[in-house]
Amino acid sequence: MNIDLEIFSPIHQIKNQLFEDKGIEVFIKRDDLIHPIISGNKWRKLKYVLKRAQSENKTHLVTFGGAFSNHLLATAAAAAKFGFKATGIVRGERVNNDTLFLCRLHGMELLFTDRESYKDKAMLFEKHFVGDNEAFFIDEGGASPDGAKGCSELINELSETYDHIFCACGTGTTAAGIVNGIQNHNLPTVFHAVPVFKNGGFIKDEIDRFLTSPANYQLHLDYHFGGYGKTDSRLIEFIKQFVASTGILIEPVYTGKMLYALYDLAGKNYFKPGSRILAIHSGGIWGLLGMKDKF
Ligand SMILES: *Cc1c(COP(=O)(O)O)cnc(C)c1O
């Protein structure tokens, strides 16, 4: 089977008084529309990983994530679509939630594991799949050079040049891929990564490990809202306002923080008048289901 999805990721302009006052143009690339479940950067990260699994005649994808992991869910749906078996090794005690329900519905088998053993993923794989020639290891979040390669293709789809590109950042694989794409095309674009967890400085090493050549980019470390999955009333208000005024769904874990950063920086005159800015909607809106009580 040919492992591919037709990419539908249009670019929409976001118009409002703030951007007009600052003389900037802001656009959003709708990677959330690529697929309802294998959405955003998760498809881009999986594409070459799945192709590699197929070329090595592996039929069983094994991957890792927390109980709300968009990557687990995307892998479950991609496995179903492209004819693989899938196992998700889930961090922490057995729970059920909307994300895991959807994983199971797509046929993924779930193995729960305590937080201590979860730290050593190679060992877990070894323990459960030793001697199993069909099983294929995919790291947590799809972090890999293949993942970055898929993400770099986002830049091939741009027909115009932007001064700035913004993206939310977890493992840093997506960020690295986009920076590689910018370099491959010799674009003057500045890339901005917004890490979604506290003390995100280490993410520079994570991004740099997947760069195909050294590059500069901006890290914005002050938009984590207390840490991974944490929110506060400012962020929730921002998201409500954004969704209600644009009709574009975002969530508090990734895209909400990234867009909050962009709006905040715009308000602080960070961008020169005349700047054209592209935000990447990296998908993940199912994450909203786990956070309904915050709204
Ligand atoms: C997983 C995810 C990210 C983070 O991507 P990394 O490549 O791990 O940095 C960003 N946005 C959304 C919506 C995600 O689900």
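A: The answer below goes from the site as a whole to its single contacts. This is a predicted model, in which local features need pLDDT of at least 70 and side-chain atom pairs count only at pLDDT 80 or more, while totals for chains, interfaces and linings use all residues. Residues are numbered from 1 along each chain as its sequence is written, and side-chain values use heavy atoms, with hydrogens and water left out.

Domain 1 (11-40 + 145-294) and domain 2 (41-142) both contribute residues to the shell around the ligand, so the ligand lies between them; the domain bounds come from an automatic or database domain assignment. Of the 15 residues around the ligand (a heavy atom within 4 Å), Lys 42, Gly 170, Thr 171, Thr 174 and Ser 282 come nearest.

Among the polar contacts (N or O atom pairs within 3.5 Å), an oxygen atom of the ligand is 2.7 Å from a side-chain N or O atom of Lys 42, and one is 2.8 Å from such an atom of Lys 45. At Gly 170, a backbone N or O atom lies 2.7 Å from a ligand oxygen atom. Taken alone the ligand exposes 390 Å², of which the protein buries 97% (Shrake-Rupley method, 1.4 Å probe).

Two or more residues of the shell come from each of α2 (41-55), β7 (164-169) and α8 (173-184), and α2 gives the most, with 3 residues; helices (H or I, at least four residues) and strands (E, at least two) are DSSP runs, numbered from the N terminus.

Conventions
Polar contact = N/O pair within 3.5 Å; in protein donor to acceptor, adjacent residues only side chain to side chain.
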